[in-house]
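Reader: I would like to learn how to read a core, a helix face and a loop residue. Please take them in turn.

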Amino acid sequence: MQTRSSRLPRTVPCLLGAAVLVALDLDGTLAPIVGRPERAGVLPRILPLLAKSARRRGTRVAIVSARPASAIRRLIPVAGLHRVGQYGLEGPHAPSADRRR
């Protein structure tokens, strides 16, 4: 019999220890929507706020995007963030290829 916690995606347990989870979408939330995706950029004042939030005890900050994880790293070069690329298919907690089928 599966328990509720055994059904959770692998990303969730690593975030459950936090008192606060801040999950933000990249395009349209942290970066303005632009006509050409390669021209997108996060407003400079956002980066220090993300860094400060990521350092707070009991807080986890996750950036979720349809973009590849490498693009998230390039646009948001902040330590301590959880990056979830391609809406969960990329990143340190992504499901294995077997589980995606």
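Author: We go through the core, then a helix, then an arginine.

Author: This is a predicted model, where local features need pLDDT of at least 70, side-chain atom pairs count only at pLDDT 80 or more, and totals for chains, interfaces and linings use all residues. Residues are numbered from 1 along each chain as its sequence is written, and side-chain values use heavy atoms, with hydrogens and water left out.

Reader: Which residues have the most contacts inside the largest nonpolar core?

Author: In soluble globular proteins, nonpolar side chains tend to be buried together. A nonpolar core joins buried Ala, Val, Leu, Ile, Met, Phe, Trp, Tyr and Cys residues through side-chain atoms within 4.5 Å. Buried means under 20% relative accessible area, exposed over 50%, partly exposed in between (1.4 Å probe, protein chains only). Here the largest core has 15 residues, and L26, L30, V42, L50, I63, I76 and L81 have the most contacts inside it. α2 (46-55), β2 (59-64) and α3 (69-75) each supply at least two. Helices (H or I, at least four residues) and strands (E, at least two) are DSSP runs, numbered from the N terminus.

Reader: Is R67 buried or exposed?

Author: R67 is buried, at 13% relative accessible area. It sits in the loop between β2 and α3. Its side chain makes a polar contact (N or O atoms within 3.5 Å; within protein, one able to donate a hydrogen and the other to accept it, and sequence-adjacent residues counting only if both atoms are side-chain atoms) with the side chain of D27 at 2.7 Å. The R67 side chain also reaches the backbone oxygen of P37 at 3.0 Å.
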